[in-house]
Amino acid sequence: MSMEASELQDLSDDADYAASQQQGSASMMRCDSSKRSSPSEHEDAELIYLKDNVAIHPTQFASERISGRLKLTKQDSILFLSWIPYKGQSSNAKLSEKDRSLYTITAVPFTEVRSIKRHTPAFGWQYVIVVQSSGLAHPPLYFYNGGVREFLAIVKQHVFLARSAEDASVFLVNDFQSPLQRTLSSLELPSSLPVASGQSTYPSDGGSLNENQGRTSSDVGNRVSSLSQYGLRKHKSHDPTRDLSIHLLEKFSLVTKFARETTTQLFSENNGFGSADRRWNNQPVHSYSDKLSNIAEEKHHEISHSYSENDLLKDEDISNDIDVPADPLEFNKLSLVWGKPRQPQMGSKEFTAFLDSEGRVVESKALRERVFYGGIEHQLRREVWPFLLGYYAYDLTYAEREYLRSVKRMEYATLKQQWQSISPEQAKRFTKYRERKGLIDKDVVRTDRAFEYYEGDDNLNVNSMRDILLTYSFYNFDLGYCQGMSDYLSPILFVMGDESESFWCFVALMERLGPNFNRDQNGMHTQLFALSKLVELLDSPLHNYFKQNDCLNYFFCFRWILIQFKREFEYEKTMQLWEVLWTHYLSEHLHLYVCVAILKRFRSKIIGEQMDFDTLLKFINELSGHIDLDSTIRDAEALCICAGENGAASIPPGTPPSLPLDEGILYPQEDDVL
């Protein structure tokens with residue numbers, strides 16, 4: 001299109017342009033008033049994006065346009081949009097400075113933006129229309145030099161965009177129709193919620209690990225001696241990283257009434273789970289709790305046992321004014337009957353007994369049982385975790401494992417080279433790469449930085465974490481990188497030490513837990529659904545209480561499931577729990593029984609204090625650092641045994657961490673914003 005033709009283009013047949021003009025001068029006055037009351041751009045605001053030659057058309061003729069500069073800035077974690085017209089550079093001399101200032105958009109926060117409409121005509125210029133929450137639609141912003149795609153990509157890095165179901169050209173800003181997606185988006189906001197409470201203890205000798213440590217078995221042993229003597233963490237009066245967005249997951253504590261109202265759709269006929277999940281919704285559970293109670297009572301009388309009072313489940317003090325329904329399983333007795341006490345951690349000598357002369361694991365089930373009941377000494381985890389995660393097959397010999405490591409190391413180097421070879425010029429044309437790299441760069445510097453292995457500036461272990469996550473985003477391009485993955489990788493890298501070995505262990509883990517991060521959130525949906533059925537099965541009064549108080553979506557357990565309780569326990573305790581879960585000894589879904597165990601432990605407090613959704617959400621968050629791991633695992637074991645086949649039938653096939661049912665598209669993605 002020639003410049004002369006473009007100057008004469010008539011926009012009167014443009015529906016969006018016409019709609020924007022229907023608001024008339026009154027809308028413009030409201031816009032002007034809004035801009036005058038908006039906060040001005042502060043000098044310390046971070047410039048995120050700048051685009052010249054973005055124009056507004058006050059009339060239907062393209063020649064009568066006002067050109068200006070579009071900017072995205074960020075301050076205090078809030079993204080702002082501004083459009084400032086050029087002074088004295090209007091293409092139409094008839095337009096005065098007052099006309100130009102009337103259309104100026106000054107620092108509109110995206111917290112007040114409802115949607116962005118993108119229009120890409122076959123002929124002419126692309127433009128976007130920004131609509132505020134108040135309903136005010138700013139005039140279309142025409143990108144004369146292109147760049148709408150890049151603009152949306154930049155916005156997407158800082159706020160959540162979702163394509164409207166009614167109009168594919170409209171992107172809803174921070175519109176969390178899916179409550180699960182609301183949580184994922186909120187994760188990148190700043191938070192200071194402490195992890196595992198302030199009771200954590202840290203090494204106090206003042207010594208720190210060398211940044212290059214963690215690459216050999218001897219280094220792992222050195223770290224272990226320090227851990228066993230001092231514990232995993234060292235005490236700090238103030239940890240500045242706590243004030244950063246370390247925990248993507250902690251901001252979900254801000255999800256209150258709005259989340260409750262929007263999440264009720266999860267269990268509805270039309271907007272809940274898939275048809276396969278709805279089949280499980282019809283499982284009979286009405287009288288099962290009574291039967292389980294009778295079984296537990298019989299077991300209680302059949303088996304002699306003696307435990308201290310500390311082994312009993314303890315509910316917090318509750319109001320005597322509320323009549324709390326009895327636990328149908330008599331949970332205290334049940335845990336003592338079937339929940340075996342924890343054993344000492346397995347050491348190297350004991351592990352060797354499970355191997356034949358060539359290094360094969362002879363009895364994999366017996367090994368998994370031993371890990372389930374006792375865990376693994378830290379210096380041995382580097383050898384055993386690859387088996388539990390599925391990176392090593394149990395029948396591999398010493399030589400075969402060494403050969404596998406050698407082959408995989410070369411394969412990892414090749415994968416890593418894919419993104420390392422991207423030049424700056426190529427990166428400018430590779431939006432997805434820039435977007436993922438930006439997210440990873442932000443997340444790795446906020447992941448477990450209070451832990452000595454990752455603390456300090458220019459930490460090589462942090463760099464390794466970044467490289468692994470970037471490489472994984474190319475290895476599994478469909479899934480890419482999602483916030484929360486760094487939480488899974490952190491303990492694996494700490495244990496394995498080697499970058500390649502950590503990568504392949506992480507790959508094996510994501511084969512099972514990758515669906516937690518699917519864009520359609522089906523992996524999380526099915527787990528929350530299964531949890532609801534287990535609670536209904538094992539504690540129908542508690543389930544009914546949740547139903548009566550609009551808590552039936554079990555969204556308050558979202559963080560527990562997404563990163564498998566990593567925010568609920570200290571670092572060492574998290575590793576102990578994970579290796580128990582990875583055994584799949586009693587069930588692939590023991591983490592769901594852990595959820596049930598915690599809820600049942602505090603059922604009297606929840607019901608007695610008549611917690612609504614908001615209060616329950618806050619209460620669950622504040623349990624972080626106050627859950628006893630050993631008794632919780634014991635209770636989860638008891639519940640899993642007690643539920644038996646009925647419990648297994650309550651969990652739809654393919655529910656994570658079960659492997660996918662088919663070999664089709666493992667990570668179905670919705671149409672991308674870009």
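**Helix packing, burial and cores**

Mentor: Helix 19 (residues 485–496) and helix 24 (residues 571–582) pack at about 95°, with axes 11 Å apart. The model is predicted, so local features need pLDDT of at least 70 and side-chain atom pairs 80 or more, while totals for chains, interfaces and linings use all residues. Numbering runs from 1 along each chain as its sequence is written, and side-chain values use heavy atoms, leaving out hydrogens and water.

Trainee: Why are helix 19 and helix 24 called roughly perpendicular?

Mentor: Roughly perpendicular covers angles of 65 to 115 degrees. The pair packs at about 95°, therefore helix 19 and helix 24 get that label.

Trainee: Which residues in helix 19 meet helix 24?

Mentor: D487, Y488, S490, P491, F494 and V495 meet Y571, M575 and W578 of helix 24. Those contact residues divide into seven nonpolar, one polar and one charged.

Trainee: What makes R118 buried?

Mentor: Buried means under 20% relative accessible area (1.4 Å probe, protein chains only), exposed over 50%, and partly exposed in between. R118 has 17%, so R118 is buried. R118 lies in strand 5 (residues 113–119).

Trainee: Which residues have the most contacts inside the largest nonpolar core?

Mentor: M485, F546, F556 and L599, in a core of 120 residues. Such a core joins buried Ala, Val, Leu, Ile, Met, Phe, Trp, Tyr and Cys residues through side-chain atoms within 4.5 Å. Another core, of 28 residues, lies apart from it, with I116, I154, F171 and V173 among them.

Conventions
Axes fitted to C-alpha atoms, helices over the stretch in contact; angles between N-to-C directions. Helix = DSSP H or I, 4+ residues; strand = E, 2+ residues; numbered from the N terminus. Parallel < 35°, antiparallel > 145°, perpendicular 65-115°, else oblique. Contact = heavy atoms within 4.5 Å. Nonpolar A, V, L, I, M, F, W, Y, C, P; charged D, E, K, R; others polar.
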